[in-house]
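Have the sequence to hand as you go.

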Amino acid sequence: MTEELAISLGTSNTSIFMPGNGIVLCEPSVVAYSGDPAARRIKAVGKEAAAMEGRTSDRITVIRPLEDGLISDADACRDMLNAFLLKVVRPGVFGPRIRAIVGIPVGLSMEERRIYDDVLAKVGVTHAIMIENAILAAIGAGMPVHTHKSGLIADIGGGMTEIAVISLGAIVNGCSINVGGDMMDKALRDFIMGKYDLDVGTETIKRIKSRIGSLYSNDKTGLQVSGTDISARSPANFRVKATDVMEALMPYYLRIADAIDSILQVLPPETSADIGGDGIHVTGGASKILGLDKLFFGKLNLPVIVHDDAEYATVLGGGKLLENSVLLGEVLGTRQ
């Protein structure tokens, strides 16, 4: 029996799609080990491992096996992905055969691609179809990537932002920059530390972003948070303002806007006309912040569409390809 899956291995989260069931897993890309490094044992993966960050003893190590959108620890990535697959794939006597569409960053080197091949083979993926994240995200967002009409997508992930102009199922121009949600989380944490002398944890940072994050100047909205007073080294509470989030994160979104503009500047007239009519599509978890569409419109003077399921666009795109063999054939045909 062959199981078909779409897998999105992200710096922040890993998602798995199964035809007929939709997204069956979305968990943090984290694995925790116990014991000495030479003989470490898996303690937890995903949500349970992420909950251990900042709360572990010397005997437990928490690892994020992807960094800046790439696999940085192949062994940990294999352990994590294997544990995730065991949650969603029905075990058999000899184990199921797995055919998977897997999202990969644009422009992988041969060595980086070999790492993906090796990890996937070791977790039982017998047939891996690797497709660039930007193309999968565009399909997940409903863009007509298989037509001659060009479209532009900016996928703001946890470790990087991938920007691509897509036509006839292939990337015709694009770039990636090392700006993503994880870098923004660190910037916000550093900002709060510098302004309030308060250190807060990863989950608190994510809560601040989701509850009061915006790219508007807003001193009236805030959130009471708990952390550690750095000077006194004691627990403390403080009110963080929405404007704090804007000041900390604005430079990163402006860098993304500049990168999009650099792509727009070199496009031929026909391609520019297509994008001018359809606008810029934005996906990825870090695209959900309020005010992003207005900021990009002000900088680029083009319509901006932030999709409702932006954080799941890549894995949903892989799922659509699994369910549409004709479209999959058209996308794969561009690689031959």
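This is a predicted model: local features need pLDDT of at least 70, side-chain atom pairs count only at pLDDT 80 or more; totals for chains, interfaces and linings use all residues.

Residues are numbered from 1 along each chain as its sequence is written, and side-chain values use heavy atoms, with hydrogens and water left out. Helices (H or I, at least four residues) and strands (E, at least two) are DSSP runs numbered from the N terminus.

**The sheet**

- Five strands form an open sheet in the order β3-β2-β1-β9-β10, with mixed pairing; two strands pair if DSSP finds at least two bridges between them.
- β3 (22–28) and β10 (125–132) each have a single partner strand, so one side of each is left without a neighbour in the sheet.
- β9 (residues 97–104) runs parallel to β10, with 7 bridges between them, and I98 stands opposite V125 in β10.
- Helix α4 (residues 133–140) packs on the sheet, touching β9 and β10, and its direction makes about 80° with that of β10.
- Helix α11 (residues 325–333) also touches β9 and β10, at about 70° to the direction of β10. These angles run from 0 to 180 degrees between N-to-C directions, using lines fitted to C-alpha atoms, for helices over the stretch in contact.

**The cores**

- A nonpolar core is a set of buried Ala, Val, Leu, Ile, Met, Phe, Trp, Tyr and Cys residues joined through side-chain atoms within 4.5 Å. Buried means under 20% relative accessible area, exposed over 50%, and partly exposed in between (1.4 Å probe, protein chains only).
- The largest nonpolar core has 48 residues, of which Y253, I260 and F296 touch the most other members.
- Helix α7 (residues 242–264) gives the most to this core, with 14 residues.
- Another core, of 32 residues, lies apart from it and includes I16, L25, M80 and L108.

**Helix α2**

- Among the buried residues of α2 are C77, M80, L81 and F84.
- D73 caps the N-terminal end of α2, with a side-chain oxygen 3.3 Å from the backbone nitrogen of D75.

**Serine 176**

- S176 lies in strand β13 (residues 170–177) and is partly exposed, with a relative accessible area of 38%.
- Leaving aside neighbours within four places in sequence, S176 is in contact (heavy atoms within 4.5 Å) with M160, T161 and E162.

Notes
A polar contact is a pair of N or O atoms within 3.5 Å; within protein, one must be able to donate a hydrogen and the other to accept it, and residues adjacent in sequence count only if both atoms are side-chain atoms.
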